[in-house]
Amino acid sequence: MESSGTAPALRLAGLTKTFGDRPAVDHLDLEVPRGSFFGLIGPNGAGKTTSLSMAVGLLRPDSGRSQIFGFDVWDDPARAKELIGVLPDGLAMPERLTGRELLRFTGLLRGMEVPELERRSGDLLEILELADTGRTLVMEYSTGMRKKIGLATALLHAPKLLVLDEPLEAVDPASAASIKVILRRFVRDGGSVVFSSHVMPVVEQLCDHVAVIASGRVVAAGPLDTVRSGRSLEERFMDLVGGQAREMGELAWLSS
Ligand SMILES: Nc1ncnc2c1ncn2[C@@H]1O[C@H](COP(=O)(O)OP(=O)(O)OP(=O)(O)O)[C@@H](O)[C@H]1O
């Protein structure tokens with residue numbers, strides 16, 4: 001096995017997953033360099049969530065491998081998973097806990113010492129503007145609040161790689177700004193982040209690397225400026241995935 005000392009933060013090799021007779025992810029290869037802020041973009045249904053779920057060991061691929069700092073997610077799950085913090089899509093959480101209780105539960109499962117766990121939970125709840133939610137149960141949280149508490153659980157054990165599925169979706173602008181500060185600081189201090197998004201300006205603002213996925217395959221990947229090749233990311237995205245603003249003639253009935 002490759003030494004964890006030189007391996008990329010994340011390496012996906014030949015990842016494949018078929019639902020029914022349609023491949024959702026089709027021999028996908030991807031490398032996230034250490035210390036990079038990596039954006040994953042692609043149209044709806046391109047296979048981003050499926051790829052990230054397989055990358056972190058939440059979904060078993062039909063074939064292919066995922067390695068985190070050289071540790072295989074399926075052969076060596078304990079070592080791989082202690083290095084990552086994950087914000088999955090549609091996160092299933094213990095619903096009858098408050099946010100603070102959820103963090104305590106997560107930290108204890110991770111084997112953290114209680115005083116340190118309490119200190120970090122307080123910091124995270126404060127910066128994510130969840131400190132005032134008091135007795136509110138997770139089942140009563142809004143979509144954006146669920147994203148934020150999910151992100152807090154991903155950060156709690158100070159992982160080396162964050163894998164985040166649309167972390168800013170449904171999050172209000174003030175909280176989004178806080179999340180961007182947290183993620184930037186995380187990368188500045190040596191962490192690596194890979195996240196999916198549909199918001200091109202956010203990806204351009206945050207990321208130094210990007211991959212475009214379409215039909216379960218990587219159609220472009222590399223440093224942001226290389227992938228953009230002198231254009232905006234949105235223009236490049238439209239070129240690569242064949243998107244075009246449609247004529248509205250067929251919806252003429254919508255205009256009264
Ligand atoms: N559990 C499932 N059962 C059947 N089909 C699935 C399942 N999960 C995903 N798919 C299909 O796999 C394909 C890829 O879905 P996926 O959610 O990975 O795309 P995505 O790029 O994350 O999309 P979006 O940007 O809309 O979130 C889609 O065609 C989707 O319908």
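Four strands make up an open sheet, ordered S2-S1-S4-S5, with antiparallel pairing. Its edge strands are S2 (22-32) and S5 (71-72), each of which pairs on one side only. A further open sheet is built from six strands, in the order S6-S7-S8-S3-S9-S10, and its pairing is mixed. The model is predicted.

- Strand S1 covers residues 10-19 and runs antiparallel to S2.
- Seven bridges join S1 and S2.
- Leucine 12 stands opposite leucine 30, which belongs to S2.

**The six-stranded sheet**
- The order is S6-S7-S8-S3-S9-S10.
- Strands S6 (84-87) and S10 (217-223) stand at its edges and have a single partner strand each, so one side of each lacks a neighbour in the sheet.
- From one strand to the next, the twist averages 10°.
- Strand S3 (residues 37-41) runs parallel to strand S8 (residues 192-196), and four bridges join them.
- Glycine 39 faces phenylalanine 195 of S8, standing opposite that residue.

**Helices across the sheets**
- Helix H1 spans residues 48-55.
- In the four-stranded sheet, H1 lies across S1, S2 and strand S4 (63-68).
- There, H1 runs at about 120° to S1.
- H1 also lies across S3, S7 (161-165), S8 and S9 (209-214), strands of the six-stranded sheet.
- The angle of H1 to S7 is about 150°.
- Helix H9 (residues 233-241) lies across S3, S9 and S10.
- H9 runs at about 30° to S9.

Methods:
Residues numbered from 1 in each chain as written. Predicted model: local features only at pLDDT ≥ 70, side-chain atom pairs only at ≥ 80, totals over all residues. Pairing = 2+ DSSP bridges. Helix = DSSP H or I, 4+ residues; strand = E, 2+ residues; numbered from the N terminus. Contact = placed C-beta atoms within 7 Å. Axes fitted to C-alpha atoms, helices over the stretch in contact; angles between N-to-C directions.
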